[in-house]
Amino acid sequence: FEASGPMIVANFSQHINAWIALLVLGIFEPIRVVGIFDVASRTAALSTLVLFAFSGIFSPMISNLYQRGLLQDLANLYKDVSCWAFTGALAFFLMTALLARDFMAVFGERFVPGWPVLVAIAAAQLFNSSVGPTARALAMTGHQRIVMFATIGSSAAAVALNLLLVPVFGILGAAVATAAALILMNVVTLLFVHRLLGFWPYSGRYAKPAIAGLLAVAAVYLARLALPDYTGVTALLVFAPLFVALFAALLVAIGLSPSDRQFLASFWDAVRRNVRRIAPRDA
């Protein structure tokens, strides 16, 4: 309980964070605005799927390497996971920023004004992914209380910032407050990971996906200028796959690191094994 108690509080605080802006908006704004914010914030949170997937796999590895005293191996793995999470989140963020109005139009034209919320919170989630699984790294190395206090502090900041900004700026104030609270929590956990474990996620490897992403955005933006009639779902069906294909191709063209190639090889090997297992059953 000494280990799990702080994490229960931390997880509870993280879930509370998702509701703070909705509660404050419900006090000061019409229900329609609350609904728009809810859709935009939930859509923005999709960018963390890559980070969550890697965090679940990374957690037992953290514990194993830490207990064996292999801190350098753990630091290298942390850098790899952070860069992979950043790459996935960056692709989502750039695609979201480019097609924000179209994403919101999927839910109806009345949701389109919520596109700044989508971009603002997606940007905060991008930073969240860029620092890597800091909370997991702290929790799995015996520093659960730091995670707990960081999430509680984030919740307190979210309450204060929403009460300060929502009455003045409305839905945009709620977006800024939510994004700022999320960034605050990740800054705190990142600094403690660096101080206590000596880990730092950022390196020159982050430049490769950034360059690939910006080039892909430029190409898709030009394509969109050439096809201005494509909007909403149609725009997503045309431009989103184009962006993903260009981003992946540019990443490969710029060059993958040895750990990237090893990860992709392992990934495709796992896919092939699962396909072989499923195929006989279908036959």
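Colleague: What does arginine 224 form a salt bridge with?

Modeller: Aspartate 102. The closest N and O atoms are 2.5 Å apart. Keep in mind that this is a predicted model.

Colleague: Where do the two partners sit?

Modeller: Arginine 224 is in helix H10 and aspartate 102 is in helix H5. The pair links distant parts of the chain, 122 residues apart.

Colleague: Is aspartate 102 buried or exposed?

Modeller: Buried, with a relative accessible area of 3%. The cut-off for buried is under 20%.

Colleague: How many salt bridges are there in the whole structure?

Modeller: Three. Another one joins arginine 205 to aspartate 80, with the closest N and O atoms 2.4 Å apart. Arginine 205 lies in the loop between H9 and helix H10, while aspartate 80 is in helix H4, so the pair ties together parts that are 125 residues apart in sequence. Aspartate 80 is buried, at 14% relative accessible area.

Colleague: And what about arginine 42 and aspartate 38?

Modeller: Their side chains meet in a salt bridge, 2.8 Å from N to O. Both are in helix H2, four residues apart, which puts about one helical turn between them. Arginine 42 is exposed at 52% relative accessible area. Aspartate 38 is partly exposed at 23%.

Colleague: Switching to aromatics. How many pairs are there?

Modeller: Eight aromatic pairs. One of them is phenylalanine 92 with phenylalanine 103. The ring centres are 6.4 Å apart and the planes are at 45 degrees, so that pair is tilted.

Colleague: Which residues form an aromatic cluster?

Modeller: Phe86, Trp200, Tyr202 and Tyr206 form one.

Colleague: Which helix gives the largest share of the lining?

Modeller: H1, with ten residues.

Colleague: And how does the lining divide by residue type?

Modeller: It has 18 nonpolar residues, 16 polar and three charged.

Notes
Residues numbered from 1 in each chain as written. Predicted model: local features only at pLDDT ≥ 70, side-chain atom pairs only at ≥ 80, totals over all residues. Heavy atoms only, no water. Phe/Tyr/Trp six-rings, centres within 6.5 Å; stacked < 30°, edge-to-face > 60°. Helix = DSSP H or I, 4+ residues; strand = E, 2+ residues; numbered from the N terminus. Nonpolar A, V, L, I, M, F, W, Y, C, P; charged D, E, K, R; others polar. Salt bridge = Lys/Arg side-chain N within 4 Å of Asp/Glu carboxyl O. Buried < 20%, exposed > 50% of the residue type's maximum accessible area, 1.4 Å probe, protein only.
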